[in-house]
Amino acid sequence: MLSQPTKVKAKPPPLRLDSNVEAENNDRFSSSPMGHAMADYEENEAQSEFYHQFESTLTQLLHEDDLMPFNLHTAASLGITSSVRHLIERCQVDPDSRNSGSWTAIMYASLFSHNETVLYLLEMKANVNLRNPNGKTPLMLAALCGSEETIKLLLMV
């Protein structure tokens, strides 16, 4: 008797574009009307809620005094003020430094309503007039999420 051959299911490798092609496609998409709409969508309240839930879970796993190996922008986006303080005071990181997406720490802290982090960055003279690639300042980002307390802090400057 002949046995039937066994079928092997193999996953195809992930599609990888040449970095120039990928960058060109990203540039073309980001400058299109759909790209602009997607950029605005990314800053909406639903996404903000996801990050607040993520932060809550992360905070339960970490002790506030632990200095995690985060960069300034990640620490600010998660509201880990102790790490932000450590990076600025001990590691001499510029509070206005931009990440690869051209955002500053105070933009992230403002978007996610991390008021303690926003207040610390203001004390460190973070520039509240810098804009992200979509033209939004920290004040505009705080307004997108409806954070009245963050808005009040930013207007104190």
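The model is predicted: local features need pLDDT of at least 70, side-chain atom pairs count only at pLDDT 80 or more, and totals for chains, interfaces and linings use all residues. Residues are numbered from 1 along each chain as its sequence is written, and side-chain values use heavy atoms, with hydrogens and water left out.

**Exercise 1. Describe the protein chain as a whole.**

Step 1. Take the elements. The protein chain has nine helices and zero strands. Helices (H or I, at least four residues) and strands (E, at least two) are DSSP runs, numbered from the N terminus.

Step 2. Take burial. Of 157 residues, 33% count as buried. Buried means under 20% relative accessible area, exposed over 50%, and partly exposed in between (1.4 Å probe, protein chains only).

Step 3. Take contacts, meaning heavy atoms within 4.5 Å. Among those between residues at least 6 apart in sequence, 55% join residues at least 24 apart.

**Exercise 2. Work out how H8 and H9 pack.**

Step 1. Find the helices. H8 covers residues 138–145 and H9 covers residues 148–155.

Step 2. Read the geometry. Their axes come within 8 Å and cross at roughly 165 degrees. Therefore H8 is roughly antiparallel to H9. Angles under 35 degrees count as roughly parallel, over 145 as roughly antiparallel, 65 to 115 as roughly perpendicular and the rest as oblique. Axes are lines fitted to C-alpha atoms, for helices over the stretch in contact, and angles run from 0 to 180 degrees between N-to-C directions.

Step 3. List the residues. H8 brings Pro138, Leu139, Ala142 and Ala143 to the contact, and H9 brings Thr150, Ile151, Leu154 and Leu155.

Step 4. Sort by class. The contact has seven nonpolar, one polar and no charged residues. Ala, Val, Leu, Ile, Met, Phe, Trp, Tyr, Cys and Pro count as nonpolar, Asp, Glu, Lys and Arg as charged, and the others, Gly among them, as polar.
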